[in-house]
Amino acid sequence: MAGTPESGRAKTALIVGASRGLGHAIAAELAARGWDVVGTVRDQAARTPLQDLAARSNGHVTVEQLDINDPNQYAPLHERIAPPPWTSCSSTRGPRTTRTPPSGRFPPRTSLR
Ligand SMILES: NC(=O)c1ccc[n+]([C@@H]2O[C@H](COP(=O)([O-])OP(=O)(O)OC[C@H]3O[C@@H](n4cnc5c(N)ncnc54)[C@H](OP(=O)(O)O)[C@@H]3O)[C@@H](O)[C@H]2O)c1
């Protein structure tokens, strides 16, 4: 997990599907607890609660684009965001594809503590 209290670094969470609903609620809660949050939306042009949260966050919440049904988007997202480790979670049902993400590109989901 990124940034343990001992290291003095902020923890970072990657939340797939953070535009609204459960993903947004998790993003807001972690940001309130001092985490850095990278939240994904499918349409960055759409105004969602995540953009409002990011605007109030002093740079601690950032918005990235990802459709998990398009595996070609995984590597570019990986390149755009800060290097791991992060804690990641998904509020979506999972990709509708038979392809799996490239090994090591994204860490397994872990519990949010
Ligand atoms: N709400 C509950 O009480 C509850 C209870 C038990 C289980 N669940 C499950 O938890 C999950 C989330 O529920 P929710 O109520 O938060 O749903 P929601 O309000 O519909 O939010 C779903 C989120 O997933 C994103 N998303 C959908 N398809 C995506 C894709 N292909 N790629 C990337 N992101 C995608 C949406 O982003 P966009 O803005 O881009 O559409 C949105 O941020 C669902 O699987 C639901 O069945 C919910």
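A residue counts as buried if 20 or more other C-beta atoms lie within 10 Å of its own, as exposed if 12 or fewer do, and as partly exposed in between, with C-beta atoms placed from the backbone. Please keep in mind that this is a predicted model, in which local features need pLDDT of at least 70, side-chain atom pairs count only at pLDDT 80 or more, and totals for chains, interfaces and linings use all residues. Residues are numbered from 1 along each chain as its sequence is written.

**View 1. The protein chain at a glance.**
Welcome to a protein chain with three helices and four strands. Here helices (H or I, at least four residues) and strands (E, at least two) are DSSP runs, numbered from the N terminus. Starting at that end, the elements follow one another as β-α-β-α-β-α-β. Of the 113 residues in the chain, 27% are buried. Among contacts with a separation of 6 or more, 58% join residues 24 or more positions apart; two residues are in contact if their C-beta atoms, placed from the backbone, lie within 7 Å.

Four strands form an open sheet in the order 3-2-1-4, with parallel pairing. Strand 3 and strand 4 (87-90) stand at the edges with a single partner strand each, so one side of each has no neighbour in the sheet. On average, neighbouring strands are turned by 20° against each other, direction ignored. Axes here are lines fitted to C-alpha atoms, for helices over the stretch in contact, and angles run from 0 to 180 degrees between N-to-C directions. Two strands pair if DSSP finds at least two bridges between them.

**View 2. Strand 2, covered on both sides.**
Have a look at strand 2 (residues 36-41), where six of six residues are buried. Asp36, Val38 and Thr40 point one way, while Val37, Gly39 and Val41 point the other way. In a regular strand the side chains alternate between the two faces of the sheet.

**View 3. Strand 1 and its two partners.**
Five of the five residues of strand 1 are buried, so this strand is largely enclosed by the rest of the structure. Thr12, Leu14 and Val16 lie on one side, and Ala13 and Ile15 on the other. Strand 1 (residues 12-16) pairs with strand 2 in the parallel sense over four bridges. The chain passes from strand 1 through helix 1 (residues 21-32) to strand 2 in a right-handed β-α-β crossover. Right-handed means that, with the strands pointing away from the viewer, the path from the first strand over the helix to the second runs clockwise. Strand 1 also pairs with strand 4 in the parallel sense, over four bridges, and there alanine 13 stands opposite threonine 87.

**View 4. From strand 2 to strand 3.**
Strand 2 and strand 3 (residues 61-65) pair in the parallel sense over five bridges. Across this pairing, threonine 40 stands opposite glutamate 64 and glycine 39 opposite valine 63.

**View 5. Alanine 18 in its loop.**
Alanine 18 belongs to the loop between strand 1 and helix 1. Why does alanine 18 count as buried? Because alanine 18 has 34 C-beta neighbours inside 10 Å. Leaving aside residues up to four places away in sequence, alanine 18 touches Gly23, His24, Ala27, Gly39, Thr40, Val41, Leu50 and Ser91. Alanine 18 and glutamine 51 are 33 residues apart in sequence, yet 9.7 Å apart in space, C-alpha to C-alpha.

**View 6. Around the ligand.**
Which residues come nearest to the ligand? Of the 19 residues around the ligand, these are Gly17, Ser19, Gly21, Leu22 and Arg42; a residue is near a molecule or strand if its C-beta atom, placed from the backbone, lies within 6 Å of it. Helix 1 supplies the largest share of this shell, three residues. Sorted by class, the shell has six nonpolar, eight polar and five charged residues. Ala, Val, Leu, Ile, Met, Phe, Trp, Tyr, Cys and Pro count as nonpolar, Asp, Glu, Lys and Arg as charged, and the others, Gly among them, as polar.
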